[in-house]
Amino acid sequence: MSAQELVLRQRTEILHALCSSGSAEHLDQVLDILLSQGELVPEDYQNIQVPGQALYTKTRRLLDLVHAKGVDTCVLFYAALKQVLPEGRAAGFSFPGFCSNREEEEGHPSTSTRMLLTQRPSLVSQLQGCVEDALHALVTSGHFTSADCNDVRLPIYTPSQQARRLLDHVRSKGELAAKVVLHYVQQKQGSGSSLNQENWTPPKVVLKYQKKLSSSVSAQSCFLSTYGGTSHMSLDDIYTEGQLELAHNCDDVHGPLGLEDVVGAVGTVNKEADTVLVSGDAGGGKSTLLQMLHLLWARGTLLGEFLLLFPFSCRRLNSERQELSVKELLFEHCCWPDREQEEIFQFILDHPHLILFTFDGLDELKQGFSDEHRLCRPTQRAPVQILLFNLIQGSLMKGVRKVVTSRPEAVGPALKKHLRKEVLLQGFTPSGIECFVRKHHRDPAVASKVLESLRTKNALLGLCHSPVLCWIVSHCHKELLGCGEGSPQTITDVYLMILQHFFQHRSSPKSTTGTSWLQEHLDTVLHLGQLAFEGIGTSCFIFSAADLETCGVTEKDICMGFLVQSKDMSPTHSKCFEFLHLMMQCFFAALYVVSSNNADRSIISNLFEPQNMRGTGLGSTSCFGVCSSATEKPEQALKWEAATAETPNLKITAAFVSGLLSQRHRSLWLHCCPGAVTEKRVRQVVRCLSKGMHKHFKSIPQPVEGDKKSMHAMPGFVWLIKCIYEMQDSRVAKDAMSKLVVDHLKLTYCNIGPVECTALAYVLQHLRNPVGLQLDNNSVGDVGVEQLLPCMHNCRSLYLRNNNITDEGIRKLLSTGIRCDSFQKIALFNNKLTDACIQHFSHLLKSRQDFLSLRLGNNNITEEGAKQLAEGLKSNRSLKYLGLWGNKIGDAGAVALASALESSTSLVWLSLVGNGVGNAGAGALANIIRNSTSLEELWLTENCITTKGVECLVQALKENTRMKSVWLINNDLTLEEVEELTQRESRLIF
């Protein structure tokens, strides 16, 4: 097939590859290359780059033009595409293996304007870091006016787009202007210094400001502030790294990410964007991670490429009532310069690549992210949230790197298209839990006792995957060690433990004990609960003295330690307070819902169905003046917008309400409200959960004839499962699962970690019939695998692709799975498995003669692992599907597998794609084709097989008419050899 035909056939894939990121950079780079080669003339370029046209429209015009110009242009277009696109982006289509017949054109005079075209890709790369200096050279020589400069500098352009615009303007000015630019570039290269001026020193006034800023940042960061307000814990003493992963697969990443990789180049998917998103669950350690980045920058040990770092808290920005400009935001909310404010701000504008902004807690803003209101001038004042959104998307301060933290459910497509990359913070690993506990307890004996206790309490160990819960458990170690069999099982249990711990440690020695601890402090619970509840309803997380007074919060209540003083944000310089952690505020809000006699009857139903909040009790309060702004939308619109933005907090609160109304905690409320009221609330919660589950089940489409019935669950389904688990009522779980009639339950990309796995296992163990459980692309890990074991008997198949699982997790999984009669299939693509776990799979295959499918692609299995697996395969008579693609088994591994499988009567499909298999391996695999009575497909793509190896396969196929296909794409074969072999055997796929 010719390159011209491929442009038509692969049009959709090419459009997606060039446009899906939302950035025009890949299209611009392709145009640069084609211009430099003379395949496009400037008129073609102008017809494609029509101002105001959508990216997809421009790309379609290019494809039309390339196709019209013929085969040679199409070949060069594909070459440019392959040069420009990252490997992952081009995976959806094939590049032609043709060469252009076009000879180099001669006869063009080597003028400076022509050199701007022929050297365009290189010039764009060299100029994008120093457009200002090039403009200065052009103005000084009299070729550019200030209007020309302003046209190039427009803040809507990225640095590379500014460089291209400069080159386009220079070409229109003629030969002399072109000579000036080329001379400037040549001069910079000849001087031996880079265009970024590595030896350049910032002005003294900026260095002085940097010293003051770093001192301020260091002072704010050196003590743990996230949930340690009750004591001064040094961040150095307690900080423990959580698991950091990229949201998108990246072939260049080997091993875990470190702090330096958060802002570094690794994993970048959109080079033209400035914003890095760090996402993770509430209590997952996002704020602490950012705090450590700040501290390391202030010490000069990390982020040294940034001269100035400006940290912001979205929670505190929520309280800003005035419209601000960028300058006011930086100087008033971070660090005020002692002098020369204008000069410092101009330096920031002129050197954006030396500046870093961080925004902690985007999910705590009253409004969801929007890119409707565009700002371009940094001096323009706007409401702080609009200012923030424009900074994140790059309309303002383009080139300044930004790091934003948020819970994943608060980040939608509108924000994701502006991201440079997304980093997932997945909580603690088992070794991280141990490290944190040992840091928290200076006495090694106490730390060892706590860890020993955790290892015997599986559910609690799963909860400690969350840093905030790990902190609570460590903080309450005495209660934990004395709890015996009644150890915490749920998140609600853990928070009740910290509540009791705080109250009892601040009570007089004569205070009563037992369940009466809550009765003794009921007033405090109600006061703080009302404050928390009304704050959740209005997206308010910082409270003024007036707010506290409205809810009856006293000095005694504050001294309990759940509220800490917040950084002053009010114009009156009065004290402001916030809860230790957002999760703590949600917990107190739930306490208020459960224990208050004054709570509206509709509150529970509104919590579980946030879309019904409009105009109801939740969110209708307006007592918090510090959270309101005269510049914002009308009151009703603001309330609804806040309700929509706060759905994640409402869901956390609803889960706590479910837990607090569980049978095991119902006795706590006997002295708070009448038993009949509590029972009514329990029935309300059960009804809401049942209704929510029924709504999900009703959405399951009927299967296509011949297919199995499957349900692709939404994140809301996982939340309902977690609420059921918090209630710890098996009757509710059984009722929910009795209505779930599916063969396959799909929970991919649902942000499922160990905590969610615990809840899933609790509920799914009550399924009437086994199902296929698909948990691909989550954060299950070894801890989560262990939490899933109670429901293994109800898993017919288990899909755990891309879940950061190691050999230890597999050991535990298979030790249980081997005893579960229904368990017949497993898929573990792209985890961290090595040869060490293969002995367990081999034992499984020897023991289970009804096991059907084993897929272990893209792990770290070598020939030794393949040989171990072959021992199990020799004894197995049931396996139909075996996938080992993307490993390193080589010829020796392929030979071992072939020897074990050559007489198989069950194997239907075998994949050894990308395993370094050569002719020896192909020759051995030919024996399977020759002897097997069941094999239909053999995948050997991306190996190193030559015609010698393929000849063995051809001869074997002559003896097997049942075989459907042998895939051999991208092996060591020439086009002529491919053509000849295809004619001889049509079942060979090249």
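In strand E6, Leu 424 is the bridge partner of Ser 279. This pairing belongs to a predicted model, in which the chain has 47 helices and 20 strands.

**The chain as a whole**

- The chain comprises 990 residues, of which 56% count as buried.
- Of the contacts between residues at least 6 apart in sequence, 77% join residues at least 24 apart.

**The six-stranded sheet**

- The sheet is open and has mixed pairing, with its six strands in the order E1-E6-E2-E5-E4-E3.
- Strand E1 (244-246) and strand E3 (308-313) stand at the edges; each has a single partner strand, so one side of each is left without a neighbour in the sheet.
- On average, neighbouring strands of this sheet are turned by 20° against each other, direction ignored.
- Helix H20 (residues 384-393) packs on the sheet and touches E2, strand E4 (355-360) and strand E5 (401-406). The direction of H20 makes about 125° with that of E4.

**Strand E2 and its two partners**

- Strand E2 (residues 275-279) runs parallel to strand E6 (residues 419-425), and five bridges join the two.
- Strand E2 also runs parallel to E5, again with five bridges between them.
- Thr 275 has a bridge partner in each of these strands: Leu 419 in E6 and Lys 402 in E5.
- Five of the five residues of E2 are buried, so the strand is largely enclosed by the rest of the structure.
- In a regular strand, side chains alternate between the two faces of the sheet. In E2, Thr 275, Leu 277 and Ser 279 lie on one side, while Val 276 and Val 278 lie on the other. Both faces of E2 are covered, as these residues are all buried.

**Helices**

- Helix H3 (residues 25-36) packs against helix H11 (residues 159-173) at an angle of about 35°, and their axes are 11 Å apart.
- The crossing of H3 and H11 is left-handed.
- On the H3 side, the contact is made by Glu 25, Asp 28, Gln 29 and Asp 32; on the H11 side, Ser 160, Gln 161 and Arg 164 take part.
- Helix H39 (residues 754-764) is mostly covered, with eleven of its eleven residues buried. Among them are Glu 756, Cys 757, Thr 758 and Tyr 762, as well as Pro 754 and Leu 764.

**The site of Asn 915**

- Asn 915 is located in the loop between strand E17 (909-911) and helix H45 (919-931).
- The relative accessibility of Asn 915 is 2%. Because residues under 20% are classed as buried, Asn 915 counts as buried.
- A polar atom of the Asn 915 side chain lies 3.4 Å from the backbone nitrogen of Asn 887.
- Leaving aside residues up to four places away in sequence, Asn 915 touches Leu 884, Trp 885, Gly 886, Asn 887, Lys 888, Ile 889 and Gly 890, together with Glu 942 and Asn 943.

Technical notes: Residues numbered from 1 in each chain as written. Predicted model: local features only at pLDDT ≥ 70, side-chain atom pairs only at ≥ 80, totals over all residues. Heavy atoms only, no water. Helix = DSSP H or I, 4+ residues; strand = E, 2+ residues; numbered from the N terminus. Buried < 20%, exposed > 50% of the residue type's maximum accessible area, 1.4 Å probe, protein only. Polar contact = N/O pair within 3.5 Å; in protein donor to acceptor, adjacent residues only side chain to side chain. Contact = heavy atoms within 4.5 Å. Pairing = 2+ DSSP bridges. Axes fitted to C-alpha atoms, helices over the stretch in contact; angles between N-to-C directions. Left-handed = near helix turned anticlockwise from the far one by under 90°.
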